[in-house]
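Hi,

Here is the structure I promised to pass on. Have a look at it first, and then read my notes below.

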Amino acid sequence: PDGPEMDGFKQKIRDFEKEFPSVQATISGNTLVEPLVIDIEEGAVEDVLQNTVKKVEEPLRYQSWERSGIDIDEEDEDNENDIPEEEEEEAEEEEDPSRGKKKHLGETNHFCCVSLKENNVLAPGNPETAAMYREKIYYFTSIENKDKFLENPAYYLPKTKTPETPPIRLMILGQKGAGKTLHGRHLAKKLGLFHISFQDRLQELIISKTKRKIGPEFEEEPDPVEEEEEEEEKEEDEENEGAIIAPDGSTVDVPEEEESEPELTEDEEAIKANLESDEPLPAEVLDNILPAWWHKEPFKSTGFILEGFPRTGDEVRYLADMGLYTDASIILSVNDADVIGRLLPPKLDAWKIKRDKRLAIKEKRKQKAKKKREAAIQKRRNELLREKEERRLERKDISEEEELGEEEEVEEEEDDIEGVLAEEFEEEEGEEEEEEELEEDAIDRIRNDLNEVYDADTNKLDGVQETLTEILIPRLEVDGGRKPHIVRYMLNKKLRPYVEFRHSLFERVYPIGENLAQRMLQYGYKQPSRFGRWCPVKLKDGDCIQPISGPGYPTYPCIYRQHIYYLSSLEARSEFIEDPMTYLKQSTPKPVVPIRLAVIGPPKAGKTSLSKRLAEEYGLLRLSIGEALRLLISNQPQSELGIKITDCLKTGAVVPDELAVQALEMCLLDMKCQTRGYVLDGYPLTKHQVELLTERSIIPVRVVELDIDNKTVMVRGTKDRVSEDRVYPMHDSAQILASKLAAYKNNIEEVRKWYQDEHRNYVSLPGDESKWWIWNSVLEVSKSSVCQIQTYLQSIADGQAASINDMCITPSEFEDRLGDYNQYCPVSLALHNELIDCSTSKSLQYAAEYRGHYYKMAGQKELDQFLATPEKFIPPLAPNKLPSPELLPKRCHGDEIKDKTIELEGYCPVTYYCGKCRYEYIIPGNPELVVRYKNKYYSCATEEKLLQFMKSPEQYCILELPHKLPPREEPLPINALPMLGFMEQTAASAIITSLTSVGNLKPKYPFLTSSKSALVYVAYHLKAFNPRSSDYVRKKYKKKLEKFEETCHLINYLGDHMTVRYRDPNDRPSDFDNKLETFFALRGIEPTSTWIA
């Protein structure tokens, strides 16, 4: 505004406009900084601020640009330099170079990020329309989408996380009869998708007006016989019936109102034409049908499988123009024989039904024509007879002479009637009927029709596949001619990248060489992953042993985002590249634990072969005692130990076990043993060697014995001596082998007992099993030990409780580190206030370590609870503390209870308490089951009652008995019992068993009575199952009992196979004659007392 107040401001503006050009020129010339010009004349303060910030940040932001030939040349040059040497020979040609593993594609992989953002559609981008942004390549489906991205790339890219994948959209194509509907519906049901049949959808759109399905397969050929029959029936109905009858009895015709067919719209006419004659559908019709499946619910969020579309190349291009892409197209390829084999039988069955129907109608027509002719003849005969009667009446008054002539005339007239009828109703010549089509001709015709349809479908499918390749939609070709379950298996296999690996659809993993990976880590360009040198794929499969790395053991690294991952093989790297997210979701690998294994066994058990394979597969150091001595002499010949061993060998003496173990200890200092582990081959073999190893803390985590019998050892030794692979004679004669075997058998029992009792790490395997079974068993033992130690170390490092089962902890070490609860279960004491003494079992299966102390639990459930929250069960948070040692119940044996007073007068307190202190539950305790608690002694009835008392002694020690007690039961000697009692306590069970057996068998010995046969059987049975007899006697009489039963079965056998008439020997059973002779040989031979004894 004008005014004197504004003159000063106007003067300042004029001075600024006069001086600013020179200031701007000075800034631009000296500092190369271009000033930003911002218009602030109009707009609010906030808008000016945002505009200013935008102008200032714009030069600092990442800029996107269109991908040019220069960028392509730079990428090719980089890729050539990055190809690792070890992969140049194994590199395979990629199907699509634009999507190769070396391409640095953007966050949406090779899919168009604009289509994904705007339409939630996975549209494969065209490499010819690409752009660069932040050193990454982005493909687009069209130039318009590329321009949108170049305007604002940050809008179309995810800010913090990988974009979410759209629902699965598939199309399934193939010739008619390929199984599209069968497999499409199965896939849709399995994946939880909609199944859409395009052909059925077109039928649904017009069936409300057409009242029937349209198409060549739904149109039946008109049958002239049927049409003629229908016309005749209609004529008869018109002759016999009428809707309106006049008073004179005649029918009145009423004009029928013609039903007007509903008119079809233009789109419906187009659909009808497409179904009838395969006319192409206009784009307007497709617009009303297809986009809804991509952009409207419920299809938009669920996904679908589209069957039978597209059918032509134009329809494929329509989908591309509309941005309606599917993840992949499934092509079910079949040959003409498969299609004919599937479609011919149902069509032939339909033809047979129609043929039978036509024949039935023709026969019915013949019968009807015959009946009609007979009715006409009868009608005409009646007319002629009526005329004849009339003429006879006219001549009634004629004289008798004339009557005589009349009789002759009547006979002539009767002959004339039949003649007239014969002339009027001559036999109609059969109409020439069309020859009925034979079944062979029908099969040929149907086969030709199916071949024509197959050829047409194949040509269309070829065009569709070419167009699908043009628009970059993946094609999954499956042989649809195989059995359904095989086709479904192949479909599931080919769809894995789109279903199981879908969460990794936008992830990119770049394979690199070892040298490049090392340089990247060295310069800090990439960081090592949390897996280190562990292979994520093997780790996912449950492998707890780290793969070998180093010279001679190649690894296969790859880059994922900012980290480098090492894979153990090319197959593992391929699996990781396909689905990295599955392998990255697993937990961080546990600490590396070396394998410490000892393999022992008799000679020829396979110890060396197994040890060598372990060393080769997992990089272990294989050490036999001879190998250890040789390594020490060759590596440290001038050491004191080396000189002693050399002197022993020079004199021809055997190296003492002390020196051998020292040599073994020196070899175990090798870095390979500390990192990968070792396997002791055939050592230790004596108790003295075990003690020397234990003194130097050389304790294998697992000691595996390959156990084979003596016979197998000798057989293997013989085969080795005559083997062609034997290079020079060895001291392995049968005598030497037998001596080695005897020495092993004499000493191994002590070794076995030591490791079983002290370290509980002894594993015995049958050495006569196959080498694959033994390898898998030893590998499982090794992995389980490593996994157990890894879990233990991880838990202890995290401050948690860890199980100490199979950790080679000795009983003395366990007792030295027991916690506050000694060997009582802390979980049972805290939760149930029960004292459960776990010292009865020496096993550490339910033991755990926490804060440097060992605790023992009552069972697996209690162990799991302790491992989950150990702090709840130990002081200071534990609700109950362990009583002092003098207040703990203790089981007493033998002399400890001699001359001691038993509380409750020797009755069982647990039984009395559990019976609610009732009289009938006052039961005497067992003198052998006594517990001391608070310097008092209690006797329990059973072992179970004793354990129950020791759990909660407090509630049982306060019981008091009533004044009246049941009388004591004093034991009686068996000899003092009456006869029946004596028999019941001594022989009753054996006699009852034998009588039961004889009653079930009902034996009948040849030529003996049934009673005598039964008595003999009982005698045998008592002898065979007498517990007081020796094993030899029982075994002998069991064989006699079996022979007696076999002889008794002769009568039944001969009765079943003997016939009244003579049978030729060739027709009899093979053993019939032999058993018959045995039967007759028993005649006159009766069992005697010596026979049974």
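This is a predicted model: local features need pLDDT of at least 70, side-chain atom pairs count only at pLDDT 80 or more; totals for chains, interfaces and linings use all residues.

Let's start with a helix pair. Helix 25 (residues 625–635) and helix 26 (residues 640–650) have axes that come within 9 Å and cross at roughly 115 degrees. The crossing of helix 25 past helix 26 is left-handed. On the helix 25 side, the contact uses Leu-629, Leu-632 and Ile-633, and these meet Leu-641, Gly-642, Ile-645, Thr-646 and Leu-649 of helix 26. By type, that contact splits into 6 nonpolar and 2 polar residues, with no charged ones.

Next, the surface. There is a nonpolar patch with about 740 Å² of accessible area together, made up of Ile-974, Met-979, Leu-980, Phe-982, Met-983, Ile-991, Leu-995 and Leu-1022. Helix 38 (979–986) and helix 39 (988–1001) each give at least two residues to the patch, and helix 38 has the largest share, with 4 residues. Met-983 is one of the patch residues and sits in helix 38.

Most peptide bonds are trans, and most residues other than glycine have a negative phi. Against that, Phe-309 and Pro-310 are joined by a cis peptide bond, with omega about 0 degrees; Pro-310 lies in the loop between strand 8 (304–307) and helix 15 (313–322). Another cis bond links Pro-875 to Pro-876, with omega about 10 degrees, and Pro-876 is in the loop between helix 35 (860–868) and strand 23 (890–892). Then there is Asn-120, not a glycine, yet with a positive phi of about 55 degrees; look for Asn-120 in the loop between helix 5 (113–119) and strand 2 (126–133).

Cheers

Key. Residues are numbered from 1 along each chain as its sequence is written. Side-chain values use heavy atoms; hydrogens and water are left out. Axes are lines fitted to C-alpha atoms, for helices over the stretch in contact, and angles run from 0 to 180 degrees between N-to-C directions. A crossing is left-handed if the near helix is turned anticlockwise from the far one by less than a right angle, and right-handed if clockwise. Contact means heavy atoms within 4.5 Å. Ala, Val, Leu, Ile, Met, Phe, Trp, Tyr, Cys and Pro count as nonpolar, Asp, Glu, Lys and Arg as charged, and the others, Gly among them, as polar. Patches are made of residues with over 30% relative accessible area and no salt bridge: like charges are joined within 9 Å, nonpolar side chains (Val, Leu, Ile, Met, Phe, Trp, Tyr) within 5 Å. Accessible areas come from the Shrake-Rupley method with a 1.4 Å probe; for residues, only the protein chains shown count as cover. A salt bridge is a side-chain nitrogen of Lys or Arg within 4 Å of a carboxyl oxygen of Asp or Glu.
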